[in-house]
Amino acid sequence: TRRFARAGFVACGVDLLSRQGGTAQFTEPTQQTQAYGRTTQDQRRADLVATLDYLKHRDFVRFDRIGVTGYCAGGGNTWDLVVNFPEFAAAAPFYGAPPVVEDVQRIQTPVMAFYAERDRALTQRLFPVASEMITRQKVVGMMIYEGVGHAFHNDTGAAYNSEAACDAFARTVTFFNKFLRAA
């Protein structure tokens, strides 16, 4: 969130564990993962949509220029949002579960997806979705970083890869500049 704010965007990070007291209540990553697992997709979507509604009513935010990004489960939430809410102007999911091919027809948002070569299960699921988006003439791009695994962008984890992370962030900023900045 801080990095996007420093890049000149209004940035908002949503604590999807707020229904359980907030992320700070869970001191161990395992506890955080378990708490996240106790939330439902509908609850997460409702919390994210509440944030979208909040942003849409701020005078310092262009309601027609809101983007979304997320990492890991947040990447899956990003895909879920663009399937269900056409008002996003751009989306950049990072190694999250892509939607089922049948839902691609509902996507109206330009998407730039970032995945990892060694994260084969998720990355392989991206190909039919990207192919369907191209077939349906949707705006889509994807980067698959060679030699890296899941969570390559997480600079606090063992899988962090600075070269891939820096490139992906720069590409995301460029993509967001294209679709979120006023002409």
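Reply: The largest nonpolar core has 47 residues, and those touching the most other members are W79, V111, F114, Y145, F152 and F176. A nonpolar core here is a set of buried Ala, Val, Leu, Ile, Met, Phe, Trp, Tyr and Cys residues joined through side-chain atoms within 4.5 Å. Buried means under 20% relative accessible area, exposed means over 50%, and partly exposed lies in between (1.4 Å probe, protein chains only). This is a predicted model, in which local features need pLDDT of at least 70 and side-chain atom pairs count only at pLDDT 80 or more, while totals for chains, interfaces and linings use all residues. Residues are numbered from 1 along each chain as its sequence is written, and side-chain values use heavy atoms, with hydrogens and water left out.

Two or more core residues come from each of α3 (41–56), α4 (73–84), β2 (90–94), β3 (111–116), α5 (120–135), β4 and α6 (162–180). Of these, α6 gives the most, with 8 residues. Helices (H or I, at least four residues) and strands (E, at least two) are DSSP runs, numbered from the N terminus.

Leaving out residues up to four places away in sequence, W79 touches P93, G96, A97, P98, P99, I107, V111, A113, Y115, L126, V129 and M133. Contact means heavy atoms within 4.5 Å.

Among these partners, L126, V129 and M133 are also buried residues of α5, along with L122, T123, A130 and E132. The cover over the buried residues of α5 includes α4, β3 and β4. The 16 residues of α5 should span 22 Å at 1.5 Å a residue, and its end C-alpha atoms are 23 Å apart, which agrees; the expected span is 1.5 Å times one less than the number of residues. Just after α5, Q137 takes a positive phi of about 60 degrees.

In α3, the buried residues are R44, R45, D47, L48, V49, T51, L52 and L55. Their cover includes α2 (29–37) and α4. Also in α3 is Y54, which counts as partly exposed because its relative accessible area is 45%.

Strand β4 covers residues 140–145 and holds M142. M142 has 30% relative accessibility, so M142 counts as partly exposed.
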